[in-house]
Amino acid sequence: AARRAWLAERHGLALPEEFRRAFAGMSLSEAVAESRIAKATLSRVLNGLRRATDDSALWVLRRLEDREGPGGKMP
């Protein structure tokens, strides 16, 4: 729990790995169009250089839940 709290403080509500999973199979341009997150911001979040906003992180987590189910990984 302490590690997740530290990661949340550093990266926001969703981790870069979760962003990458949410946009798997999409180009950066497609991800930007789908999420409406600025291209430069999304690139920095994906590379762990910028903290995700709560709104974008929640969007990513909802997308993951829709794609992978409430438990996490894709079947």
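Where is the place of Ala2? Select Ala2 to begin: Ala2 sits in helix 1, which covers residues 2-11.

**Before moving on**

This is a predicted model, in which local features need pLDDT of at least 70 and side-chain atom pairs count only at pLDDT 80 or more, while totals for chains, interfaces and linings use all residues. Residues are numbered from 1 along each chain as its sequence is written, and side-chain values use heavy atoms, with hydrogens and water left out.

**The whole chain**

Show the whole protein chain as a cartoon. Its secondary structure comes to 5 helices and 0 strands; helices (H or I, at least four residues) and strands (E, at least two) are DSSP runs, numbered from the N terminus. Read from the N terminus, the elements run α-α-α-α-α. The radius of gyration is 12 Å, close to the 11 Å that the globule rule gives for 75 residues, so the chain is as compact as a globular protein of that length. That radius is taken over C-alpha atoms, and the globule rule is 2.2 Å times the number of residues to the power 0.38. Along the principal axes, the C-alpha atoms fill a box of roughly 35 × 30 × 20 Å.

Colour the chain by accessibility next. Of the 75 residues, 36% count as buried. Buried means under 20% relative accessible area, exposed over 50%, and partly exposed in between (1.4 Å probe, protein chains only). Among contacts (heavy atoms within 4.5 Å) with a separation of 6 or more, 65% are between residues 24 or more positions apart.

**Back to Ala2**

Ala2 is exposed, with a relative accessible area of 63%.

**Helix 2: Glu18**

Go to helix 2, residues 16-22, and pick Glu18. Is Glu18 buried or exposed? At 13% relative accessibility, Glu18 counts as buried. Leaving aside neighbours within four places in sequence, Glu18 is in contact with Arg4, Leu13, Val60, Leu61 and Leu64.

**The nonpolar core**

Select Ala14, Phe19, Phe23, Leu42, Ala52 and Val60, which touch the most other members of the largest nonpolar core, a set of 13 residues. Such a core is a set of buried Ala, Val, Leu, Ile, Met, Phe, Trp, Tyr and Cys residues joined through side-chain atoms within 4.5 Å. Helix 2, helix 4 and helix 5 (54-68) each supply at least two residues of this core. In soluble globular proteins, nonpolar side chains tend to be buried together.

Keep Leu42 selected. Not counting residues up to four places away in sequence, Leu42 touches Phe19, Phe23, Leu28, Ala31, Val32, Ser35 and Ile37.

**Helix 3 against helix 4**

Show helix 3 (residues 28-35) with helix 4 (residues 39-46): the two pack at an angle of about 110 degrees, with their axes 10 Å apart. Helix 3 is therefore roughly perpendicular to helix 4. Angles under 35 degrees count as roughly parallel, over 145 as roughly antiparallel, 65 to 115 as roughly perpendicular and the rest as oblique. Axes are lines fitted to C-alpha atoms, for helices over the stretch in contact, and angles run from 0 to 180 degrees between N-to-C directions.

Which residues make the contact? Helix 3 brings Leu28, Ser29, Ala31, Val32 and Ser35, and helix 4 brings Lys39, Leu42 and Leu46. These residues divide into 5 nonpolar, 2 polar and 1 charged. Ala, Val, Leu, Ile, Met, Phe, Trp, Tyr, Cys and Pro count as nonpolar, Asp, Glu, Lys and Arg as charged, and the others, Gly among them, as polar.

Arg36 lies in the loop between helix 3 and helix 4, and it is exposed at 77% relative accessibility. Its phi is near 65 degrees, a positive value in a residue other than glycine. Most residues other than glycine have a negative phi.

Arg44 is in helix 4 and is partly exposed, with a relative accessible area of 42%. Beyond neighbours within four places in sequence, Arg44 is in contact with Leu49 and Arg50.

Arg51 belongs to the loop between helix 4 and helix 5 and counts as partly exposed at 40% relative accessibility. With neighbours within four places in sequence left aside, Arg51 contacts Ala8, Glu9, Arg10, His11, Gly12 and Val45.

End at Arg63, in helix 5. Arg63 counts as buried, at 18% relative accessibility. Apart from neighbours within four places in sequence, Arg63 is in contact with Ala22, Met26 and Glu34.
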